[in-house]
Amino acid sequence: MNYWLMKSEPDAFSIDDLKRKKQEAWDGVRNYQARNFMRDGMRPGDRVFFYHSNCAVPGIVGIAEVATDAYPDPSQFDPKSHYFDPASTRDKPRWMLVEVKFVKKLKRTISLDELKGDPALAGMALVRKGNRLSVMPVDAADWKYILAME
(Lines give C-alpha, C1' and ligand atoms only; values in the text may rest on other atoms or scores of the structure.)
Protein backbone atom coordinates (compact mmCIF):
# COMPACT_ATOMS: atom_id res chain seq x y z
CA MET A 1 0.00 0.00 0.00
CA ASN A 2 1.12 3.52 -0.81
CA TYR A 3 0.26 6.73 0.99
CA TRP A 4 -0.58 10.10 -0.54
CA LEU A 5 -1.64 13.63 0.23
CA MET A 6 -4.20 15.37 -1.98
CA LYS A 7 -5.01 19.06 -1.66
CA SER A 8 -8.39 20.64 -2.20
CA GLU A 9 -9.70 24.08 -1.46
CA PRO A 10 -12.59 23.64 0.99
CA ASP A 11 -14.69 26.21 -0.89
CA ALA A 12 -14.40 24.04 -4.03
CA PHE A 13 -14.55 20.53 -2.51
CA SER A 14 -14.14 19.80 1.21
CA ILE A 15 -13.80 16.70 3.34
CA ASP A 16 -17.47 17.21 4.26
CA ASP A 17 -18.35 17.13 0.55
CA LEU A 18 -16.51 13.84 0.17
CA LYS A 19 -18.24 12.47 3.27
CA ARG A 20 -21.62 13.39 1.81
CA LYS A 21 -20.85 11.99 -1.67
CA LYS A 22 -18.93 8.95 -0.34
CA GLN A 23 -16.83 8.67 -3.53
CA GLU A 24 -15.73 11.27 -6.05
CA ALA A 25 -13.52 11.66 -9.12
CA TRP A 26 -10.44 13.80 -8.39
CA ASP A 27 -10.66 15.85 -11.56
CA GLY A 28 -8.99 19.00 -12.80
CA VAL A 29 -5.38 18.10 -11.99
CA ARG A 30 -3.30 19.96 -14.57
CA ASN A 31 0.24 19.40 -13.39
CA TYR A 32 2.27 16.67 -15.08
CA GLN A 33 4.02 15.46 -11.95
CA ALA A 34 0.77 15.24 -9.98
CA ARG A 35 -0.86 13.48 -12.94
CA ASN A 36 2.02 10.99 -13.07
CA PHE A 37 1.58 10.20 -9.37
CA MET A 38 -2.08 9.39 -10.00
CA ARG A 39 -1.47 7.53 -13.25
CA ASP A 40 1.67 5.58 -12.34
CA GLY A 41 1.65 5.31 -8.57
CA MET A 42 -1.85 5.26 -7.15
CA ARG A 43 -3.70 1.98 -6.80
CA PRO A 44 -7.07 1.10 -5.30
CA GLY A 45 -6.71 0.69 -1.54
CA ASP A 46 -3.95 3.29 -1.18
CA ARG A 47 -4.61 5.75 1.64
CA VAL A 48 -4.81 9.51 1.20
CA PHE A 49 -4.48 12.43 3.58
CA PHE A 50 -7.21 14.89 2.55
CA TYR A 51 -5.69 18.36 2.87
CA HIS A 52 -7.53 21.70 2.87
CA SER A 53 -5.49 24.41 1.15
CA ASN A 54 -5.98 28.11 0.46
CA CYS A 55 -8.00 28.65 3.63
CA ALA A 56 -7.58 30.22 7.08
CA VAL A 57 -5.91 27.12 8.56
CA PRO A 58 -4.49 24.87 5.84
CA GLY A 59 -3.88 21.33 6.95
CA ILE A 60 -4.81 17.66 6.97
CA VAL A 61 -8.51 17.26 7.76
CA GLY A 62 -9.34 13.68 6.85
CA ILE A 63 -8.49 10.36 5.30
CA ALA A 64 -9.65 8.98 1.98
CA GLU A 65 -8.88 5.87 0.00
CA VAL A 66 -8.03 5.52 -3.68
CA ALA A 67 -11.06 3.74 -5.13
CA THR A 68 -10.09 3.25 -8.78
CA ASP A 69 -7.14 2.96 -11.08
CA ALA A 70 -6.41 6.11 -13.06
CA TYR A 71 -8.53 6.84 -16.12
CA PRO A 72 -8.84 9.81 -18.50
CA ASP A 73 -10.29 12.94 -16.89
CA PRO A 74 -13.45 13.67 -18.95
CA SER A 75 -13.25 17.41 -18.20
CA GLN A 76 -10.30 17.71 -20.61
CA PHE A 77 -12.64 16.92 -23.53
CA ASP A 78 -15.46 19.28 -22.53
CA PRO A 79 -15.18 22.70 -24.20
CA LYS A 80 -17.47 24.14 -21.51
CA SER A 81 -15.19 22.97 -18.68
CA HIS A 82 -12.66 25.20 -16.97
CA TYR A 83 -10.30 22.21 -17.36
CA PHE A 84 -10.79 21.79 -21.14
CA ASP A 85 -7.57 20.99 -23.01
CA PRO A 86 -7.91 21.32 -26.79
CA ALA A 87 -4.59 19.51 -27.32
CA SER A 88 -5.82 16.39 -25.56
CA THR A 89 -7.55 13.69 -27.60
CA ARG A 90 -9.52 10.61 -26.61
CA ASP A 91 -6.85 8.48 -28.33
CA LYS A 92 -4.08 10.25 -26.42
CA PRO A 93 -5.54 11.79 -23.28
CA ARG A 94 -3.18 14.09 -21.48
CA TRP A 95 -4.90 14.22 -18.08
CA MET A 96 -5.86 11.38 -15.76
CA LEU A 97 -7.79 11.10 -12.52
CA VAL A 98 -8.56 8.60 -9.81
CA GLU A 99 -11.67 8.33 -7.71
CA VAL A 100 -11.32 8.63 -3.96
CA LYS A 101 -13.72 7.47 -1.28
CA PHE A 102 -14.30 8.85 2.17
CA VAL A 103 -12.75 7.02 5.12
CA LYS A 104 -12.93 9.50 8.00
CA LYS A 105 -12.79 13.10 9.07
CA LEU A 106 -10.09 13.83 11.62
CA LYS A 107 -11.11 15.08 15.06
CA ARG A 108 -9.05 18.20 14.40
CA THR A 109 -7.11 19.86 11.61
CA ILE A 110 -3.41 19.00 11.69
CA SER A 111 -2.22 22.37 10.47
CA LEU A 112 0.54 23.07 7.98
CA ASP A 113 2.27 25.20 10.64
CA GLU A 114 2.23 22.23 13.01
CA LEU A 115 3.62 19.93 10.33
CA LYS A 116 6.32 22.44 9.34
CA GLY A 117 7.29 22.95 12.97
CA ASP A 118 7.89 19.26 13.67
CA PRO A 119 11.54 18.28 13.03
CA ALA A 120 10.48 14.65 12.52
CA LEU A 121 8.66 15.72 9.34
CA ALA A 122 11.43 17.88 7.85
CA GLY A 123 11.83 15.55 4.86
CA MET A 124 8.14 15.44 3.98
CA ALA A 125 7.40 16.84 0.50
CA LEU A 126 4.56 19.01 1.82
CA VAL A 127 6.78 21.02 4.15
CA ARG A 128 9.65 21.56 1.67
CA LYS A 129 9.97 25.10 0.34
CA GLY A 130 8.50 25.64 -3.09
CA ASN A 131 6.47 22.44 -3.20
CA ARG A 132 3.01 23.40 -4.41
CA LEU A 133 1.86 20.08 -5.87
CA SER A 134 -1.75 19.15 -5.26
CA VAL A 135 -0.95 15.42 -5.21
CA MET A 136 2.16 14.03 -3.55
CA PRO A 137 3.44 10.82 -2.00
CA VAL A 138 3.75 10.42 1.76
CA ASP A 139 6.36 8.14 3.30
CA ALA A 140 4.87 5.29 5.36
CA ALA A 141 6.76 6.41 8.47
CA ASP A 142 5.45 9.99 8.07
CA TRP A 143 1.92 8.62 7.57
CA LYS A 144 2.04 6.73 10.87
CA TYR A 145 3.65 9.64 12.69
CA ILE A 146 1.00 12.11 11.47
CA LEU A 147 -1.86 9.76 12.34
CA ALA A 148 -0.56 9.65 15.91
CA MET A 149 -0.83 13.48 16.05
CA GLU A 150 -4.62 13.44 15.76
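Trainee: Which residue stands opposite phenylalanine 50, in S4?
Mentor: Glycine 62 in S4 stands opposite phenylalanine 50. Bear in mind that this is a predicted model, where local features need pLDDT of at least 70, side-chain atom pairs count only at pLDDT 80 or more, and totals for chains, interfaces and linings use all residues. Residues are numbered from 1 along each chain as its sequence is written, and side-chain values use heavy atoms, with hydrogens and water left out.

Trainee: OK, how do S3 and S4 pair?
Mentor: S3 and S4 (residues 59-66) are antiparallel, with six bridges. Strands here are DSSP E runs of at least two residues, helices are H or I runs of at least four, both numbered from the N terminus, and two strands pair if DSSP finds at least two bridges between them.

Trainee: And what about the hairpin, which residue has a positive phi?
Mentor: Asparagine 54, with phi near 50°. The hairpin has six residues between the strands.

Trainee: What joins S1 to S3?
Mentor: Six bridges, and those two strands run parallel. Serine 8 stands opposite histidine 52 in S3.

Trainee: Why is S3 largely enclosed?
Mentor: Because five of the six residues of S3 (residues 47-52) are buried, meaning under 20% relative accessible area with a 1.4 Å probe, protein chains only.

Trainee: Switching to H2, which residues are buried there?
Mentor: In H2 (residues 32-41), they are Ala34, Arg35, Phe37, Met38 and Gly41. Their cover includes strands S1 (3-8), S6 (96-97) and S8 (135-138), going by contact, i.e. heavy atoms within 4.5 Å.

Trainee: And how many helices and strands does the chain have?
Mentor: Four helices and eight strands.

Key:
Buried < 20%, exposed > 50% of the residue type's maximum accessible area, 1.4 Å probe, protein only.
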